[in-house]
Amino acid sequence: MMAALKLLRITGFLEGLSFLLLLGYAMPLKYIWGDPAAVQQIGMAHGVLWMLYVGLAAFLQWKGYWNYRTTALLLLASLLPAGPFVADLKLLRDLKA
């Protein structure tokens with residue numbers, strides 16, 4: 001279980017970073033300078049990382065690692081730009097396998 005939790009934390013970091021890059025770098029490139037290439041690339045990476053994050057959170061809840069409330073908070077955090085970072089600090093950091 002520790003490997004899955006570690007993978008969730010790493011995925012959360014990468015997913016949060018990709019979301020911030022999408023909003024802070026790729027979207028301005030597309031809408032201010034008319035270059036949509038970065039949105040396509042970063043957006044695809046963000047989408048894959050988001051699905052992995054949600055899947056891992058659901059898997060760990062299904063295995064009984066935590067309750068529905070924790071899973072709901074993780075899923076809510078995945079929708080906010082810095083949410084995975086906050087979720088890692090408040091929910092995941094103190095968990096042990």
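**The helix pair in its setting**

Analyst: From the N terminus on, the elements of the chain run α-α-α-α. The model is a predicted one, and the chain in it has 4 helices and 0 strands. Along its principal axes, the C-alpha trace spans about 45 × 20 × 20 Å. The chain has 97 residues, of which 35% count as buried. Of the contacts between residues at least 6 apart in sequence, 65% join residues that are at least 24 apart.

The pair in question consists of helix α1, which covers residues 2-33, and helix α2, which covers residues 37-62. Their axes come within 8 Å and cross at roughly 155°. Angles over 145 degrees count as roughly antiparallel, and α1 is therefore roughly antiparallel to α2. The crossing of α1 and α2 is left-handed. As for the composition of this contact, its residues divide into 22 nonpolar, 5 polar and 2 charged.

Val39 is placed in helix α2. With a relative accessibility of 17%, Val39 counts as buried, because the limit for that class is under 20%. Leaving aside residues up to four places away in sequence, Val39 touches Leu22, Ala26, Met27, Lys30 and Met44. Pro28 can be located relative to Val39 as well: the two are 11 residues apart in sequence, and their C-alpha atoms are 9.3 Å apart in space.

Helix α1 also takes part in an aromatic pair with another helix. The structure holds 3 aromatic pairs. One of them is formed by Phe13 and Phe85, in an edge-to-face arrangement with 5.7 Å centre to centre and 70° between the planes. Phe13 lies in helix α1 and Phe85 in helix α4 (residues 83-92), so this pair ties together parts that are 72 residues apart in sequence. Phe13 is partly exposed, its relative accessible area being 46%. Phe85 likewise counts as partly exposed, at 25% relative accessibility.

A further aromatic pair joins Tyr65 and Trp66, which are also arranged edge-to-face, at 5.7 Å centre to centre and with 65° between the planes.

Leu89 is found in helix α4 and is exposed, with a relative accessible area of 53%. The C-alpha atoms of Leu89 and Lys30 are separated by 32 Å, and the two residues are 59 apart along the chain. Lys30 is among the residues that Val39 touches.

Within α2, Val39 is buried and touches residues including Leu22 and Ala26. Through Phe13, helix α1 is also tied to Phe85 of helix α4.

Technical notes: Residues are numbered from 1 along each chain as its sequence is written. This is a predicted model: local features need pLDDT of at least 70, side-chain atom pairs count only at pLDDT 80 or more; totals for chains, interfaces and linings use all residues. Side-chain values use heavy atoms; hydrogens and water are left out. Rings of Phe, Tyr and Trp (its six-membered ring) pair if their centres lie within 6.5 Å; planes under 30 degrees apart count as stacked, over 60 as edge-to-face and the rest as tilted. Helices (H or I, at least four residues) and strands (E, at least two) are DSSP runs, numbered from the N terminus. Buried means under 20% relative accessible area, exposed over 50%, partly exposed in between (1.4 Å probe, protein chains only). Axes are lines fitted to C-alpha atoms, for helices over the stretch in contact, and angles run from 0 to 180 degrees between N-to-C directions. Angles under 35 degrees count as roughly parallel, over 145 as roughly antiparallel, 65 to 115 as roughly perpendicular and the rest as oblique. A crossing is left-handed if the near helix is turned anticlockwise from the far one by less than a right angle, and right-handed if clockwise. Ala, Val, Leu, Ile, Met, Phe, Trp, Tyr, Cys and Pro count as nonpolar, Asp, Glu, Lys and Arg as charged, and the others, Gly among them, as polar. Contact means heavy atoms within 4.5 Å.
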